[in-house]
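Subject: Structure handover

Hi,

Here is the structure for you to look over.

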Amino acid sequence: MKKIFLLAVLAGGLAFGQSKKVVASDVHWWGYKVAKSEASSHDGTVKVKSGDMVMKGNNLVGGSFVLDMTSINSTDLSGEYQQKLNGHLKNGDFFEVEKFPTASFKITSVKKNSDKIYNSLVTGNLTVKGKTNTITFPAKIAYSKGVVSLVSDKFSFDRQKFDVAYKSTMQDVFVKDDIEMLVKVTAK
């Protein structure tokens, strides 16, 4: 009887997939002023607080990630200017991290992509400031020796769909709606 139960548990794990815990991550963002250029942009990082990737055989089939929005950090500036921008990003002008300390992404599908480097298209639900929208991005996914890695191509999403709106008298005249991101995540 114990053997039958153990076999059922193992078969259930194969049917639903095996969860791998995120052990390393690098999430980079870029924001632009109206004239999109290197001189008119800011970029930085945000930390992954927790996450998992679900494998079925050698294929990524799901997963979820929690971003620590209190960790958002501008890396193109330093000193006083960096502190001012970080505060600006964290306050009510943009991400309101006191009210919304985390954002999340839940993978809903992973499909083959014809690109030779970014072999998959990852689709999921991104939730920022309590608003959820579907996004899709190309990614290179690899699985070897129990370790899965996901490296996205640079992709963008419309911050306005998440109510990440610059609260000033100029009402977003100076800031582009698209936020670009590049995501690297490893799980085992």
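A residue counts as buried when its relative accessible area is under 20%. Phe137 has a relative accessible area of 4%, so Phe137 is buried. Keep in mind that this is a predicted model.

Aromatic rings

Phe137 takes part in two pairs that I want to point out. Phe137 and Phe155 are stacked, because their ring centres lie 4.5 Å apart with the planes at 15°. This pair joins distant parts of the chain: Phe137 belongs to strand β6 and Phe155 to strand β8, 18 residues apart. Phe155 is buried, as is Phe137.

The count of aromatic pairs comes to three. One of them is Phe105 with Phe137, a tilted pair at 5.7 Å centre to centre and 45° between the planes. Here too the link spans distant parts of the chain, from Phe105 in strand β4 to Phe137 in strand β6, 32 residues apart. Phe105 has 10% relative accessibility, so Phe105 also counts as buried. Phe105, Phe137 and Phe155 make up one aromatic cluster.

Elsewhere, a charge meets a ring. The charged end of Lys154 sits over the ring of Trp30, 3.8 Å from the ring centre.

Cavity

How many cavities of 30 Å³ or more are there? The count is one. The volume of the largest cavity is about 200 Å³. It is lined by 15 residues, and Phe65, Leu67, Phe105, Phe137 and Val183 are the closest to its centre. The lining has 15 nonpolar residues, with no polar and no charged ones. Strands β3, β4, β5, β6 and β9 each supply at least two lining residues. β9 gives the most, with three.

Pockets

The largest pocket holds about 490 Å³ of space. Its lining has 30 residues, and Trp29, Gly31, Leu89, Phe94 and Val175 lie nearest the centre. By class, 21 of the lining residues are nonpolar, five polar and four charged. At least two residues each come from β1, β2, β3, α2, β5 and β9.

The second largest pocket has about 220 Å³ of space. Of its 13 lining residues, Asn59, Leu60, Val110, Lys112 and Ser120 are the closest to the centre. β3, β4 and β6 are the elements that give two or more residues to this lining. The lining of the second largest pocket divides into seven nonpolar, four polar and two charged residues.

Best wishes

Notes. Residues are numbered from 1 along each chain as its sequence is written. This is a predicted model: local features need pLDDT of at least 70, side-chain atom pairs count only at pLDDT 80 or more; totals for chains, interfaces and linings use all residues. Side-chain values use heavy atoms; hydrogens and water are left out. On a 1 Å grid over the protein atoms alone, a cavity is a set of points where a 1.4 Å probe fits but cannot get out, and a pocket is an open set with protein on both sides within 12 Å along at least five of seven lines; lining residues have an atom within 4 Å of a point. Grid points are joined across faces, edges and corners, and a volume is the space filled by probe spheres set on the points. Helices (H or I, at least four residues) and strands (E, at least two) are DSSP runs, numbered from the N terminus. Ala, Val, Leu, Ile, Met, Phe, Trp, Tyr, Cys and Pro count as nonpolar, Asp, Glu, Lys and Arg as charged, and the others, Gly among them, as polar. Rings of Phe, Tyr and Trp (its six-membered ring) pair if their centres lie within 6.5 Å; planes under 30 degrees apart count as stacked, over 60 as edge-to-face and the rest as tilted. Buried means under 20% relative accessible area, exposed over 50%, partly exposed in between (1.4 Å probe, protein chains only). A charge sits over a ring if NZ of Lys or CZ of Arg is within 6 Å of the ring centre and within 35 degrees of the ring normal.
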